[in-house]
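Here are my notes on the model, point by point. Please keep the structure open while reading.

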Amino acid sequence: MKSPSSSISIRKTSYSSYFLILFFIFFLVIIYSQDFLCILRQPPLEQEKDEFVQKVVEKAVETGCDLFSGEWVYDEDTRPQYEENECPYIQPQLTCQAHGRPDKGYQHWRWQPHGCSLPSFNATFMLEMLRGKRMMFVGDSLNRGQFVSMVCLLHRVIPENSKSFETIDSLTVFKAKNYNASIEFYWAPFLVESNSDDAVVHRITDRIVRAGSINKHAKHWKGVDIFVFNTYLWWMTGQKMKILRGSFGDEMKNNITLMETEDAYKLALRRVVRWLEKHLDPHKNSVFFTTMSPTHERSEGWGGEKDGNCYKETTPIKDANYWGSSSKKIMEVIKQVFEKSKVGISVLNITQLSEYRKDAHTSIHKKQWNPLTAEQIANPKSYADCTHWCLPGLQDTWNELLYTELFFPGQKQLK
C-alpha cells in the first residue's frame with residue numbers, strides 16, 4: 001500500500017510534466033506564430049486554385065474585337081517573353097542567335113489587335129487550367145515549332161525535377177509532373193496516313209497520301225483533351241496530289257489517282273472531322289486548327305529586290321493589305337469543311353498577321369544538315385529558310401492567341 005507522501009510526489013511529478021509540455025507548446029507558438037497564422041489563413045487547394053483563376057479571368061472584359069486584325073508594335077519592355085538560351089527544348093533549326101543572327105529586333109514585336117489587347121500570358125494560370133489534362137499539337141514542323149514555343153512559355157515556372165521531355169518515334173511529350181499535365185507533339189504532316197510519316201526520314205518528293213486512312217495516327221490521339229491541328233505546307237507541291245485508295249505495298253501503283261490539291265486537302269480534312277465527331281466529347285474536349293503559315297520567298301512582292309527573299313530582312317511589312325503566296329483556295333476549303341462539322345473547331349487565323357513578318361524567319365541562321373556548297377556560300381539567299389521561324393519570335397504570338405481563344409473565348413482586354 002502506497003504512503004500519502006509517495007502519492008503527493010507522483011502528483012507533483014505529473015504536474016511538472018504537464019507544465020513542461022505546456023511551456024514547450026507555448027514556446028513553439030511564440031517562435032512559429034507567423035507560420036501558424038499563414039497555415040490557418042491558407043484556403044484549401046481547390047479554393048485557392050479557383051480564386052487564382054477568378055482573378056485572372058476578371059482581368060478580361062468582353063468585347064467583339066477581332067484578335068486577328070491588327071498591327072505589329074515594337075515592344076522592348078515585354079518582348080521577348082523568354083530568352084533563346086533559357087529554353088533547352090528549342091531545336092537547332094530554330095535557334096537563330098546561336099547560329100549567328102546579328103540582330104534581335106524580330107524578338108521584340110508584339111501583336112496589337114485593333115480595338116483591344118490580348119490578355120497577358122500567365123504560365124501558372126495555364127498550367128492550373130491544364131492540371132490533369134493532355135494537350136497535343138498534331139501536324140508538321142511548323143506545328144512542332146508552335147509546340148516548342150508553348151513549352152518554352154511554360155517550363156520556367158515548373159521546378160527542374162518536376163518536368164521531363166521525351167521523343168519516341170512520332171510522339172514528343174513534355175510533362176509537367178506536379179500538375180499531372182502534358183504538352184505533346186505528334187508528327188503527321190498530312191494528318192491522314194502518307195509516305196511521309198516517318199518523323200526523321202520524310203523528305204520525299206513523290207508524296208502519296210491515303211486520304212481515307214487516319215487510324216495509324218489517331219490511335220495516339222485517344223485520351224487527349226485539347227487538340228491543335230495544322231496541315232498545309234506538305235500539300236503545296238505545285239502538282240496534283242497522288243491519292244492512294246488501297247494500302248501501301250507492291251500493288252499500290254494500280255490504286256493511285258491524281259487529284260487537285262484543294263480537293264485532296266478537303267478529303268483529308270473531312271476524314272479528320274469524322275474522327276473527331278466520333279471520338280470527342282464536346283463538353284470535355286477543345287479543338288483548334290492553325291491556318292497556313294506563310295513563306296517569304298519573293299521580296300519583290302513587298303517592294304524589295306527582284307530576286308530577293310527573307311534573307312537579311314529585319315523589319316515587318318507595313319502594308320496592311322499585303323498578302324503573299326498563301327493559298328486563298330485552301331483557306332476557303334478550311335472554312336467550308338469546319339462549318340459543317342458537328343464538333344466545334346476554333347480556327348486560329350494566323351496567316352494574315354504572319355504574312356507581315358518577313359523578318360522572323362530562320363533564314364541562314366540555323367543548323368545546316370548538309371555541308372554548304374561553294375555556290376551556296378557565295379550566295380547565302382540561295383539557301384535561306386523562309387519557311388520556318390526563329391524562337392523566341394512569331395510563334396509565341398500564335399500561342400498567345402491560342403491561350404486567349406482557349407481560356408477567354410469572346411473575352412479580350414479593351415484598349
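1. Start with Phe 121. Phe 121 sits in the loop between β4 (116-117) and α4 (123-129). Helices (H or I, at least four residues) and strands (E, at least two) are DSSP runs, numbered from the N terminus. Phe 121 has a relative accessible area of 14% and so counts as buried (under 20% relative accessible area; exposed is over 50%, partly exposed in between; 1.4 Å probe, protein chains only).

2. A word on the basis. This is a predicted model, in which local features need pLDDT of at least 70 and side-chain atom pairs count only at pLDDT 80 or more, while totals for chains, interfaces and linings use all residues. Residues are numbered from 1 along each chain as its sequence is written, and side-chain values use heavy atoms, with hydrogens and water left out.

3. What does Phe 121 contact, leaving aside neighbours within four places in sequence? The partners are Gln 81, Met 126, Met 150, Leu 153, Leu 154, Asn 399 and Tyr 403. Contact means heavy atoms within 4.5 Å. Thr 404 is 283 residues away along the chain, yet its C-alpha atom is 8.4 Å from that of Phe 121.

4. Next, helix α8 (residues 328-339). Its twelve residues should span 16 Å at 1.5 Å a residue, and the end C-alpha atoms are 17 Å apart, which agrees. The expected span is 1.5 Å times one less than the number of residues. Ser 327 caps the N-terminal end of α8, with a side-chain oxygen 3.3 Å from the backbone nitrogen of Lys 329.

5. Which residues of α8 are buried? They are Ile 330, Met 331, Val 333, Ile 334, Val 337 and Phe 338. These cover an arc of only 155° around the axis, so they lie on the same side of α8. The arc is that of the directions from the helix axis to the C-beta atoms. The buried residues pack against α7 (261-279), β14 (286-290), β15 (346-348) and α9 (351-355). The face turned away from the buried side carries the exposed Lys 328, Lys 329 and Glu 339.

6. Last, the largest pocket. A pocket is found on a 1 Å grid over the protein atoms alone, as an open set of points with protein on both sides within 12 Å along at least five of seven lines; lining residues have an atom within 4 Å of a point. The largest pocket holds about 1,200 Å³ of space. Of its 41 lining residues, the closest to the centre are Gln 93, Arg 144, His 202, Arg 203 and His 388.

Definitions and conventions
Polar contact = N/O pair within 3.5 Å; in protein donor to acceptor, adjacent residues only side chain to side chain. 1 Å grid on protein atoms, 1.4 Å probe; cavity = no way out; pocket = protein on both sides within 12 Å on 5 of 7 lines; lining within 4 Å. Points joined across faces, edges and corners; volume = space filled by probe spheres on them.
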